[in-house]
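Here's a friendly look at some side-chain contacts. Have the sequence and the 3D view open as you read.

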Amino acid sequence: MTSVRQDEPVRPTKRDEVAAAGSELIGGPFGRHALFGTHWLTPVRVIALVAIGMFALGMVQKLPCYNGGWFFGATSQYTHACYSDIPHLYAGRGFADGLIPYFDRLPGDMEYLEYPVLTGVFMEVASWMTPHSGDLQFREQIYWLVNAGMLMICAAVIAVCVTRTHRRRPWDGLLVALAPAFALTATINWDLLAIALTAAGMLMWARSRPLAAGVLIGLATAAKLYPVLLLGPLLVLCWRAGAWRAYGKAVAGAVASWLVVNLPVMITHDATGFHIREGWAKFYVFSQQRPIDFGSVWLLISQRTGAALENANTYATLLMILGCGAIGLLTLYAPRRPRFAQLAFLVVALFILTNKVYSPQYVLWLTPLAVLARPRWRDFLIWQACEVMYFLGIWMYLAYTGNGDKHQGLPPEGYQLAIALHLLGTLYLCALVVRDILMPERDVVRRDGDDDPSGGVLDRSPDAFVLGRAYHPPRHAVHFEKAPRVRWGVARD
């Protein structure tokens, strides 16, 4: 193997044929000065601006709904594929009436806000910036605009964090900024808040700051449940590397920050003592009791077989446990310790694939992780195409079911095909990541001489515990302890 300069940035237009072909639209492949010249348009700034621009295009795509689709016509918001929860929940969850989430009971069946606390705070802050006078439609429009502005900041943060996580691969952040499914789903719900905190936590871990990483992951978990899953891959990776102190700091930071946010809302006191507040518990109760819903493999099976699948919770939990066990064994048996981003992608993808529901905006959870795990333009765009097809499929299906006897839209068989495309696209990307773990020489990140640029304290750290053949260093392993390191990849001009 030949050496690769460790301080040289990776130019995707010289490594990736799809990126090179796409660059012809702006004058051809980037050169050295385009990457890291003295011009103020650094990669971070360029990618942040592109992310904001794509987010703005996503807002424009919602104009048919903003101008009436959210308020008039039974299926207009579906036929224009511009649905958003945000304006509907402004009134539906009591913000229009000044009710306080988790404390004030809502009229109707929901009773309390069904979102984690930090997301509830985000929604409440946006309601403070929304005028309290005027008709309801106007206030719902302004509420969506306020939330969109706050979510745009989150989108820029995500793109910047991904850009800076792999020091030598800043232009990979363009995959996040240009992702079509990202732009289409960014303002459906409030998921970008948790994703931004997760991306910042991964950046802190990459910078060998485990306590800060844990704090941010804890805050992200206070906004959405899935970020806590990242502590699982870190556990197995730190076990293999013997980095228990760093892992302990991350867990301590996550627990502390989650408690700081949740305890004031979680605990109530009366004459009989301390109790868990019913409003705080609503999110967890609702998640447990929620039936199988749109986009899930369980809905696909149910519709195809006609079975109710009342035990879907049990099936999903068992598959998640088995999948996590398989990921753990893969980590310990792999010929080289997997990269943190690879395992983070796999565990979140597993959660999505086995979950009872797949809302269109859940693609946002995986987008930054997919970029860090498999920064290959062709594979990323194949997956994105599947997700865009699902995005269109669910709205056309809702238009079909909401039009009464007219049935204008996508019939159940078409929607089932859209679900299958989403599942197959995600499985395709998972298969490639697993292959990269089992055959590290195929990993596009390691091919250029890096070990685990998102791994922080794990980067180029020797193994302390391995299983199987990994116990005996393979011929292509990186050598440590006074031996010269082997540079991965092939030197290129």
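## Stacked rings

W365 has a relative accessibility of 4%, so this residue counts as buried (buried is under 20% relative accessible area, exposed over 50%, partly exposed in between, with a 1.4 Å probe and protein chains only). Bear in mind that this is a predicted model, where local features need pLDDT of at least 70, side-chain atom pairs count only at pLDDT 80 or more, and totals for chains, interfaces and linings use all residues. Residues are numbered from 1 along each chain as its sequence is written, and side-chain values use heavy atoms, leaving out hydrogens and water.

Now for Y397 and Y415: their ring centres sit 4.4 Å apart with planes at 5°, so they make a stacked pair (rings of Phe, Tyr and Trp, its six-membered ring, pair if their centres lie within 6.5 Å; planes under 30 degrees apart are stacked, over 60 edge-to-face, the rest tilted). Both Y397 and Y415 are buried. Along with W365, they belong to one aromatic cluster whose members include F351 and Y390.

## Salt bridges

The structure holds 17 salt bridges (a side-chain nitrogen of Lys or Arg within 4 Å of a carboxyl oxygen of Asp or Glu). D172 and R169 form one of them, with their closest N and O atoms 2.6 Å apart, and both residues are buried. R446 and D451 also meet this way, at 3.2 Å from N to O, and they too are buried.

R435 pairs with D436 at 3.8 Å between the closest N and O atoms. R435 is partly exposed at 24%, whereas D436 is buried at 1%. These two join R374, R378 and D379 in a salt-bridge network.
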